[in-house]
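Thank you all for making time this morning.

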Amino acid sequence: MKFTVARETLLRPLSILAGVVARRHTLPILSHIKIDANEQGLTLTGSDLEVELMWHVGLEHLSSPGSITVPAKKLSDICKSLAEGSILDFELSEQRAVVKSGRSRFVLATLPSSEFPGIQPSQVVQQVSIPQRELLNLIHRNEFAMAKQDVRYYLNGMYFELQSGRLRAVATDGHRLSLANASVEGGEEEPVIMIVPAKAVHELAKLLDNIDEPVSLIFGEQHFQVNTGSSTFVSKHIEGRYPDYERVIPRQGDKLVVCDRLELRQMLSRISILANEKFQGIRLNLSPGTLSVTANNPEQEQAEESMEINYQGDNLEIGFNVGYLIDVMDNIGENVEQIQLALSDPASSALIQAAGGGEALYVVMPMRL
């Protein structure tokens with residue numbers, strides 16, 4: 001096995017593959033990536049048995065084809081450390097991978113590629129097409145709300161629902177909920193649902209580009225797959241019943257607040273400086289035309305600020321986790337200038353979305369202060 005490849009060709013694929021492979025695992029080969037070199041080019045594969053990524057790149061020159069596995073992070077770090085424009089000569093010699101570039105020479109341990117485990121794709125249920133930009137936006141608008149290491153394992157991922165040309169993504173950690181829709185080409189009347197693990201969602205976001213080029217989205221019986229022009233991303237799904245998210249979306253809020261998103265975001269950021277570090281609680285005081293926000297902490301420190309808003313309802317005082325509100329402001333969309341908060345009483349959740357509607361909505365539970 002012997003080939004020549006440009007550093008820039010490998011740099012991004014190796015960086016993303018290094019995130020996919022298992023860092024700590026009982027199988028040493030799962031810290032490796034599989035390298036297949038043939039006349040069609042170079043195929044790099046990384047897996048942790050739950051997520052698998054295959055990336056195809058071109059070669060400068062192929063002397064002899066072959067297949068082997070090498071440590072993912074070490075090869076990625078070697079590429080990063082080399083000068084821009086470098087050319088790598090890769091050769092398999094006595095079951096060691098020898099990488100040369102200029103005056104540098106690296107010898108890496110290998111394991112046979114025949115031992116590399118792969119995820120076997122299941123039967124395809126539905127396949128649709130969606131621009132990379134749209135899928136990336138869908139992920140960015142929701143991924144912050146996924147649970148982290150929750151005992152309710154089905155919350156540690158993103159819920160996808162595909163039906164009749166619409167792809168919906170939902171995430172919740174039990175205290176807040178996000179929901180966003182995107183249009184897709186294809187899709188049948190019969191809905192397909194799937195919970196994709198959080199790690200897969202994060203790694204997929206790194207893989208996608210903010211471009212209009214379409215990707216193929218495949219929902220299988222046991223797997224979720226995304227095909228780009230040069231890569232194939234496969235993830236197992238989380239088995240379990242996702243909560244009925246429609247039931248927790250408050251539709252009866254009669255106190256409607258419309259305000260500037262960036263102005264509110266900046267005010268919340270300033271107020272959060274003196275919020276309780278552990279609970280992050282702040283008070284929102286609504287009165288006609290004005291929103292006042294206050295925070296205090298156990299050191300008896302206090303912050304207060306107000307802003308003009310479009311609101312004509314009754315006075316209302318309600319508490320929230322300021323971090324949750326800031327997350328919504330950051331992820332609802334950069335093109336959203338005005339947001340709308342729908343509230344009803346101090347014990348009911350807030351419904352936040354772009355003023356005039358939009359493809360995303362957020363639910364944030366109140367706090368008792």
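First, a word on how to read the numbers. This is a predicted model, in which local features need pLDDT of at least 70 and side-chain atom pairs count only at pLDDT 80 or more, while totals for chains, interfaces and linings use all residues. Residues are numbered from 1 along each chain as its sequence is written, and side-chain values use heavy atoms, with hydrogens and water left out.

Let me start with the salt bridges, where the term stands for a side-chain nitrogen of Lys or Arg within 4 Å of a carboxyl oxygen of Asp or Glu. A search of the whole structure turns up 17 of these salt bridges, and I have picked out a few to look at with you. In one of them the side chains of Lys73 and Asp77 meet, with 2.8 Å from N to O. Both residues belong to helix α2, residues 72-81, and because they are 4 residues apart they are separated by about one helical turn. Helices here are DSSP runs of H or I with at least four residues, strands are runs of E with at least two, and both are numbered from the N terminus.

A second salt bridge joins Arg152 to Asp150, and here the closest N and O atoms are 3.0 Å apart. Arg152 counts as partly exposed, with a relative accessibility of 37%, while Asp150 is buried, at 19%.

Which residue does Arg168 pair with in a salt bridge? Its partner is Glu246, and the closest N and O atoms of the two lie 3.2 Å apart. Arg168 is buried, with a relative accessible area of 10%, and Glu246 is partly exposed, at 35%. The picture also takes in Arg251, which is linked with Arg168 and Glu246 in a network of salt bridges.

Now to the aromatic rings. Rings of Phe, Tyr and Trp (for Trp, its six-membered ring) pair if their centres lie within 6.5 Å, and planes under 30 degrees apart count as stacked, over 60 as edge-to-face and the rest as tilted. By this rule the count comes to 7 aromatic pairs. One of them is the tilted pair of Phe144 and Tyr362, at 5.9 Å centre to centre and 35° between the planes. Phe144 lies in the loop between α3 (132-140) and β11 (157-163), and Tyr362 lies in strand β25 (residues 360-364), so the pair ties together parts that are 218 residues apart in sequence. Phe144 is buried at 12% relative accessibility, and Tyr362 is buried at 1%.

Phe160 and Phe224, by contrast, form a stacked pair, with 5.3 Å from centre to centre and 20° between the planes. Here too the pair links distant parts of the chain, with Phe160 in strand β11 and Phe224 in strand β16 (residues 223-227), 64 residues apart. Phe160 is buried at 1% relative accessibility, and Phe224 is likewise buried at 1%. Ring pairs also join Tyr159, Tyr242 and Tyr245 into a cluster.

How many disulfides does the search find? With a disulfide taken as a pair of cysteine sulfur atoms within 2.5 Å, the search of the whole structure finds 0. Among the cysteines, Cys79 is buried at 0% relative accessibility, and Cys259 is buried at 3%.

In helix α7, residues 322-331, the buried residues are Val322, Tyr324, Leu325, Ile326, Val328 and Met329. At the start of α7, a side-chain oxygen of Asn321 comes to within 2.8 Å of the backbone nitrogen of Gly323, and just after the helix Gly333 takes a positive phi of about 135°.

Finally, Ser292 lies in strand β20, residues 290-296, and is buried, with a relative accessible area of 18%. Leaving aside residues up to four places away in sequence, Ser292 touches Arg283, Leu284, Asn285, Glu305 and Ser306, where contact means heavy atoms within 4.5 Å.

Note on methods
Buried < 20%, exposed > 50% of the residue type's maximum accessible area, 1.4 Å probe, protein only. Polar contact = N/O pair within 3.5 Å; in protein donor to acceptor, adjacent residues only side chain to side chain.
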